[in-house]
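Take a moment to look over the sequence and the model.

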Amino acid sequence: MLESEFMRLAFATGAVVGLLAPAVGFFLVQRNMSLVGDGVGHTAFAGVAAGYLLGVSPVLTALVAAVAGAVGIEWLRSRRQAAGDQALALLFYTGLALGVVLASSAGALNVNLFAFLFGSILTVTREDLVVVAVLGAAGLATVALLYRALVGVVVDEEGARVAGVPVIPLNVLVAGLAGLTIGLSMQIVGILLIAALMVLPVIASVRVAWSMRSSILLAMAIGLASVFAGLTIAYYGDLPPGGAIVLVAAGAFLVTSLVDAVRRRG
Amino acid sequence: MPLAVELEDVSFAYRPGQPVLTNVDLAVEEGEFVAVAGPNGGGKTTLVRLALGLSRPGSGSVRLFGEPAHRFSRRAALGYVAQRAQLGGHGPVTVREVVAAGRLAQGGLLGPLRARDRAIVDAAIDDVGLSDHARAPLSELSGGQQQRAFIAKAFAGEPSLLVLDEPTAGVDAESQESLARLLDRLHRDRRVTTLYVSHEFGAVEGIVERLVLVRGGIVFDGPPATLPSEWHDPSHAHARE
């Protein structure tokens, strides 16, 4: 399998995505914002379509649209212009509608677009890998550097706000990282399924972890394992990688739930 | 004695024509331990939010340590313990992780805690009697122990003003009084200005120097011993014996 360059590129990109998606998704799940990734994914879809229409890299336009969408949703939420689920609905439907209209205008409602929606191991180029590796490493470094601050806001947002911790900028940063993650992950996992890779490893890990730190590290390990196993299954089964990766992550959730249930009975 | 909190002729309404607080005057000196009590919906939490500068009054002025509350420059000096139901996060979090979060404003946002900050976190855990549970998930502790962890979190920030908003909600009467004794000891040791906000104030009646009753305005402000009998908290009759 790894004799093929496209698989080596897919695995290398997938390694970054598998670590980054749960690391960022952890802070969304902890703040009851598990579905934000879905809303941002639909904005990324509009970005891909805009890329086709403008004749520039759809990856780049999707990245910009995803970050802008994620920051926008956090802005609406923090200024109480809309409740969290309303802001999400606004983004979700507007992104999807805009994507369909733009893609149709560009004459791009075709198989290429499907690769972005559900992921494709054939679409990753060396240039893509460089972008994913550089931006992904920057995203992971940001999470590592601000880990204590992000956990502090999760544990007690109001207490942090009272003590003068810059809660709103930290929340906007998490939203921006979510947009970045979705933009980087869409070729491997697909726009419609990337949110699952941000959430499923996290809700799997918290069932067996014993601390915040162990939760996020275990979620990253599950994310990485899901990507590697999912890509392997997709290669040998000739399946879309996004679906295979997310089903493996869902399987991890079942396993940890079972372990948790057995532990509680014991 | 300089003032820690000062509200002068403060009124506040969330909607026009529906005042929550009217013409409130309150001055809390540095080092005081004050219970702010009153029925649910009486305006206690609003008063606290105004005092902390989280809300702006419709009229009047609010000052923290002599500065306008909404522009207070030393926010790291403020400790806050919210109602348990408002505390966030899903999944496991250890006592030590909770208390370390209290060091955020003082210890900086970036990277791991320094050795001095870690020592302060350990001392705060020790002070509330949770050293044996420092690595335990919070969910495995009783309601009273969980509140102790959040009190340790507030003290880890070495606050000049500590505000506890309904800290004993959902905690049994025995644990409430145990928490009150802990707060009394910590207050004596550190002389932190403390505002204890609760509709169940019986547990602290015998400890605080001053009780403020809030019902749309301040209807009583004085030593608990002088509180008219009909306003005593019936859930803790033995606290006054």
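Where the chains meet, 26 residues of chain A are in contact with 29 residues of chain B. Two residues count as being in contact if their C-beta atoms, placed from the backbone, lie within 7 Å. On the side of chain A that touches chain B, at least two residues each come from α1 (5-30), α7 (147-155), α8 (157-162) and α11 (212-237). The largest share, 6 residues, is supplied by α7(A). Helices here are DSSP runs (H or I, at least four residues), strands are runs of E with at least two, and both are numbered from the N terminus. By class, this side of chain A has 15 nonpolar, 6 polar and 5 charged residues. In this scheme Ala, Val, Leu, Ile, Met, Phe, Trp, Tyr, Cys and Pro are nonpolar, Asp, Glu, Lys and Arg are charged, and the others, Gly among them, are polar.

A word on how to read all this: the model is predicted, so to speak of local features a pLDDT of at least 70 is needed, side-chain atom pairs count only at pLDDT 80 or more, and totals for chains, interfaces and linings use all residues. Residues are numbered from 1 along each chain as its sequence is written, while chains are lettered from A and ligands numbered from 1 in the order in which they are written.

Now for the chains themselves. Chain A has 12 helices and 0 strands, whereas chain B has 7 helices and 10 strands. The radius of gyration of chain A is 18 Å, close to the 18 Å from the globule rule for 266 residues, so chain A is as compact as a globular protein of that length. For chain B, with 241 residues, a compact globule would be near 18 Å, and the chain's 18 Å agrees. The radius is taken over C-alpha atoms, and the globule rule is 2.2 Å times the number of residues to the power 0.38.

The C-alpha atoms of chain A fill a box of roughly 50 × 45 × 30 Å along the principal axes; for chain B the box is roughly 50 × 45 × 35 Å. Buried residues make up 56% of chain A and 47% of chain B. A residue is buried if 20 or more other C-beta atoms lie within 10 Å of its own, exposed if 12 or fewer, and partly exposed in between, with C-beta atoms placed from the backbone. Among contacts in chain A between residues at least 6 apart in sequence, 75% join residues at least 24 apart.

Two packed helices are described by the angle between their axes and the distance between the axes. Axes are lines fitted to C-alpha atoms, for helices over the stretch in contact, and angles run from 0 to 180 degrees between N-to-C directions.

| Helix pair | Angle | Axis distance |
|---|---|---|
| α6(A) and α9(A) | about 150 degrees | 10 Å |
| α1(A) and α9(A) | roughly 150 degrees | within 10 Å |

The helices α6(A) and α9(A) are therefore roughly antiparallel (an angle over 145 degrees). Their crossing is left-handed, a term for a near helix turned anticlockwise from the far one by less than a right angle. Residues making this contact include Gly136(A) and Gly139(A) of α6(A) and Leu177(A) of α9(A). The contact has 6 nonpolar, 4 polar and no charged residues.

For α1(A) and α9(A), the arrangement is therefore roughly antiparallel, and the crossing is left-handed. Among the residues that meet are Val24(A) and Leu28(A) in α1(A) and Thr181(A) in α9(A). This contact has 10 nonpolar, 2 polar and no charged residues.

Which residues does Met198(A) contact, leaving aside its neighbours within four places in sequence? They include Val24(A), Leu28(A) and Thr181(A). Met198(A) sits in helix α10 (residues 194-205) of chain A and is buried, with 32 other C-beta atoms within 10 Å. Its C-alpha atom is separated by 7.2 Å from that of Phe26(A), 172 residues apart along the chain.

Finally, find Asp238(A) in the loop between α11 and α12 (241-265) of chain A. Its phi is near 55 degrees, a positive value in a residue other than glycine. Asp238(A) counts as exposed, with 7 C-beta neighbours inside 10 Å.

Key: Parallel < 35°, antiparallel > 145°, perpendicular 65-115°, else oblique.
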